[in-house]
Amino acid sequence: MKKIVLLSILILLSIPCCMVKAADAPENLAIRAGRIWTVTDGIITDGVIIIKNGKIQAVRKKPDVPAEIEVLDFSDKDVMPGLIDAHCHIGLSLDIYSEIDETVLAVTPDMQIIDAFNPLADDVKKVLRSGVTTVLLAPGNKNPIGGQTAVVKLFGKKTKDRVLKRAAGVKFSLRDEALMPDRRPTSRAGLLALIREELNNVKAYKEDKPDLRMEVLKSVVDANFPVYISTYTVDEITSAVALVDEYNLNAVLIGAEQGDEIADLIAGRNIPVIYSPLLLFSRDKDLKRVVNMADGGIKVAFSSSAPETSLSDLRTSAITAVKYGLDKEVALKSLTINAAQILGVSKRVGSIQRGKDADLVILNGDPLQPTSTVEMVIINGDIVYQRQKI
Amino acid sequence: MNPVKIEVLINFMENPVVMGHKNIILISSMLLLFTFTSAFGDQGIAIRAGHILTISDNPIENGIILIKGGKIEALGQNVVLPEDVRLIDANDKFVIPGLIDAQSRLFVMDSELDESRTIAPELNILDAIDPFIKEYREVLAQGVTAVCVAPGSHGLIGGRSAVLKLNGSKNIDRMVLKADATVKAAVGMSTGNTSSSLARLEHYSSIREALIATKVYMQTKEKADREMAEYNRKKAEYEKKDSGKETEKKEKPKRPARFRSSPASDVLAQVLRKEIPLQVEAHRVTDILNVLRLADEFGFTLILDKCTEGYLIADEIARRKASVIVGPVSTSFVDMPRLEYRNHDMSNASILSKNGIKTALGVSGRDGASSKFITLAAAMAAANGMDKDAALRAITLTPAEMFGVADRIGSLQVGKDADLVILNGHPLDTQTRVEMVLIEGKVVFERKSQQ
Amino acid sequence: MKSKFYIALIATFLTAYVINASARAAPVRKKLAIKAGSIITISGADIKNGTILIEDGIVKAVGKNIEIPWDAFVIEAKDRVVMPGFVLAHTSSGLDRANENVPEVPFLSTFDSIDPVSFYFEDSLRDGVVAMLVLPGNSTLLGGTGTVVKPHGLTVEDMLIKPYTGLKISLQPTGNTSRMGHMQRFRRYISDLKDYLEEYEQRKADVKEENKPFDEEIDIRKQPMVDLLNKKLTAFIYCDIAADVPKAIEIHETYKLNTVLVLGPDCYKAVGLIAQKKLPVILPPQLVVWETNEETNEEEMKVIPMIFDKAGVRFAFQTETSQYGSRYLWYQAATAVRYGMKREEALKSITLYPAQFIGVDDRLGSIQAGKEATFILLTSDPLDAQAWVDKVMIAGEIVYEKEKDQRLKKLIEKPEEVQKPKDTD
């Protein structure tokens, strides 16, 4: 009897703590902003975004806000959806050279990059202030058939909040880096042959002898499991397109730096492109390529390939593209909704719309101006970064 | 000149009458040519502009810049225009001084940026310049009219730097605005992906030893000069006496041992005499502090190059009155980040300049053409706390001052070179386009109208 | 009986002598006359059906309707084209080894490493070359001095036309040296040399003052560079890329040298600078290069001799031993003419101009009275691809005849009729 009373008292005492904890969660917010760049529904001036339980409940022009909800006043600022880095290697290791490629074997579709991701890594924390909220984690370019990519948020209290897709697709690489002197393939022709060989083997695969690698490749060939094909030159892209045709792949091109030279080929098959970071280039001709591709009807998303370039400079790719002629609206989309659609997470992120996750970036000016600073970053309704005044 | 014209000319020249009066004809035709070209070439140019950002003073709204002989002759709202002046109408446009990239690789041959660690102050970046490259035009088209180029980042003392103008001359002499602008050094650079503390200590001590040796050299040279002067005096006396009376056989003065000069030491002597600044690349706090200590010990003019972790010890740098060239503003501008950029912060320039340190910005990019990103670099610095005007100054007047060419470029002032850029918007704005670029009053770039 | 024996003996000896005499190469005749279908003098207009009179290996007269002395040996060449032999102003072939490992060896001379037996010389003679300046290669900063030789002779002394000609300087950095280091090394060498000379002069002055004899010679290893600075030797500066040309010009002007530039294919970009300074150049063997226009992405053809010709720069051609067409000087000239160069200028660039560059134009490079009788007799026009070198005459002596060229015969003779296999049954 005494035990029961004691236990009840303990339980009763613990409830307030839990309740306090629940109230702690600031997932209910209202943000008043000078300009809301919704991406999908234009720009709303002097509007408000209502966040409930980490989701966008409403976004509208009328300024009235429900009671008992914290209001952030950014009436002179700009708000846009959290940026999406469509291809990077962040949070994977101190020495990225070793962690992102399984170089001993050429074919490793069973490997999942999410297993190497450390959400508490320094480089992840450091970039919270950049405005990037969601990223595609990917293996490197050294495997013709590499591991599985993942879509993660840079912050999330629970795994389900953080990991949007544990396995978003398989990374293929047709680049020179995938050719190794000490293992197959050593030549370009050999690389293509290897990929075809593996994809053809799927036909002979019998599920009674379970093979994880084969399972993954089977889903690529039969179930439209996305393939992220990394390419650079015209001939690499052409080979990629040939594979898409032959095996009816659900493909996305990564890099595709010379894609503008065969834009028709890519656009004709509606293959989207996750373009390389623009700061890797310095010649006008190269800086214009992505503009040509977008003008040619290709859906483009920007990436940082961090740490090749800094994830903080994702916006810089868009800004530079605008400087070289990219339409501003398209540039903004390429930082947000295009990436979300390509990665298959557009139900949750990519624009400021009712029902989507409250992933927002507040800036002190036009997002496509290099002089604009990120003032605050919100992920799932949580303030993960706030700029300190020096 | 086509062959027919030459033949006619030759026939004319061989005419006996002409031959007879060769000299007069030659002189008069030369005079004609001279007046003709000077009449055309020295026609003044005036630019009427909506917003003139002088950098050195307040901006001038709706003003005029008058250019003559390649220099800014007058500048202001009430400038009287001479009659035969060519007027460029930039009524709603911005005019700024030509931009300067203080950490450029433009024109420098790639092969010159090797990784050897030596003390070689006598090397000159001008020996590694390729004036025939074409990519400078793209950089010019973004408003950059001058670049500071220096030997590689790995030589402990890599050699002498120079300031070049992007005037397209294939003659290096005409490209060079200033040779021997600084002596470039570097400490604490990692090799590959590793860095050894012991190696870094060696860098520091090697440079220190070289400077001490230079001091000794300077003293020895001075002594030798004195002895030589003394000898010459005694010799003159000896010879004088000899020619006159021949009574006493004086001792013939002995010539002092010949002094072997060393080009390397001569250069470092100029550094110690504060004639040339020492531009030292240092990234980590320990390395920066070491360099500041060196500056204290030897008293040279110090420019800290890159100064990646400078923001952590801004007060120390401010106290020593060293100037800093910050770059790259973002690690995205360089290849896979080296260990040196571990603690890179985009607000470095902002923090340093707010502490009163003279701060310039450089692109420090992957290759020569990267210099075109100088306005982007300045905008990024502004986005991370640097005052917009300070950022603009950091890519114009400040680097000019640091490299000793502020008498010629870096701001729009009477008497300076007419190196300027006409833009259709504020220079730090993404969608701003460069309309025209002038170097010494000559239009070197003009944007063709796009569809 | 005895007399018959002695007569027989003498007869044998006489026969042997006669046979021997005829077996020997044709003796050098004192007076010669060549009656040629066409004479390309280079120095003047071409002459059809003209005559060249030669005495003691020197051209006495050349023209139409020249009276031939009764005692002159006449060479009928009605169906031949006679022109001066080709002169090559720069080659590093025919040497035991073209380059040294040590960067500063100006005291070395190609005289000591020319290999007379090298196939290169035999081939050159066959192709009509009568003189070449053999210089060290491109991998040594100060490679050494050159030697002008003719590709004919058993020893270097036999081949010698003019020793101690030209000093080779290469601006191509060696090993791991940077260009900055390379240039600095050059400047250092010169400044050390100048120090040495100053000290030498001082010592001389001191000794002379005391009225003592001064017999110290300048270090023999430094002499060539001293001669370079005094313009007694011409500098042949190799520029690998266009960016080297401004440096070469800097050296030329700073030290006030006599200079000839030896160019790599990239150097056409520097034609403006070269024309300004009026420097003579030796073109690379590759005369046509393709460059991708950065803006339009199109390939543009650059014809190097035309670029220099249009800029008014005087040049000589150079050959390469391995490449097909560019191993022949006539091919180089023909390429230039094909792209628009004037025939006369092109032909000068393989005869007179190179002779001038290497300082042998007093005797070679054109057919004129007073110059050496050194010609080639061709089966047709020199720029005709079908032309063969029929004979080569050097200083009045026929040193090559295609008819007697056994190696060539083997190459071009028709294969023998294949013997039909005999029926075995």
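Is A:Asp286 buried, partly exposed or exposed, judged by its relative accessibility? At 21% relative accessibility, A:Asp286 counts as partly exposed, where buried stands for under 20% relative accessible area, exposed for over 50% and partly exposed for the range in between (1.4 Å probe, protein chains only). The views below come from a predicted model, in which local features need pLDDT of at least 70 and side-chain atom pairs count only at pLDDT 80 or more, while totals for chains, interfaces and linings use all residues. Residues are numbered from 1 along each chain as its sequence is written, chains are lettered from A and ligands numbered from 1 in the order in which they are written, and side-chain values use heavy atoms, with hydrogens and water left out.

View 1. A:Arg289 forms a salt bridge with A:Asp286, the closest N and O atoms being 3.2 Å apart; the term denotes a side-chain nitrogen of Lys or Arg within 4 Å of a carboxyl oxygen of Asp or Glu. Both residues lie in helix H9 of chain A, 3 residues apart, about one turn of the helix, with helices (H or I, at least four residues) and strands (E, at least two) taken as DSSP runs numbered from the N terminus. A:Arg289 is buried, at a relative accessible area of 7%.

View 2. The side chains of A:Arg283 and B:Glu138 meet in a salt bridge at 3.3 Å, N to O. A:Arg283 lies in the loop between strand E11 (273–275) and helix H9 (284–295) of chain A and B:Glu138 in helix H4 (residues 136–140) of chain B, so the pair joins two chains. A:Arg283 is buried, with a relative accessible area of 19%, and B:Glu138 is also buried, at 15% relative accessibility.

**View 3. The interface of chain B and chain A.** In this interface 36 residues of chain B are in contact with 33 residues of chain A, contact meaning heavy atoms within 4.5 Å. The two chains bury about 2,900 Å² between them, 49% of it on carbon and sulfur atoms, where buried area is the accessible area (1.4 Å probe) that two parts lose on being put together, summed over both. There are 4 salt bridges between chain B and chain A, and A:Arg129 and B:Asp345 meet in a salt bridge at 3.4 Å, N to O. Helix H10 (348–354) and helix H11 (374–383) of chain B are the elements that give two or more residues to the side of chain B that touches chain A, and the largest share, 5 residues, comes from H11(B).

**View 4. The two domains of chain C.** Chain C is divided into domain 1 (26–85 + 365–425) and domain 2 (87–361), with bounds from an automatic or database domain assignment, and their C-alpha centres lie 31 Å apart. The area buried between these domains is about 1,900 Å², of which carbon and sulfur atoms give 68%. In domain 1 of chain C, C:Ile42, C:Leu383 and C:Arg407 lose the most area to domain 2 of chain C, together 29% of what that side buries. The count between the two domains is 3 salt bridges.

**View 5. A network of salt bridges in chain C.** C:Glu122, C:Asp123, C:Arg126, C:Asp127, C:Arg327, C:Asp405 and C:Arg407 are linked in a network of salt bridges. Within C:Arg126 and C:Asp405, which form a salt bridge, the closest N and O atoms are 2.8 Å apart.
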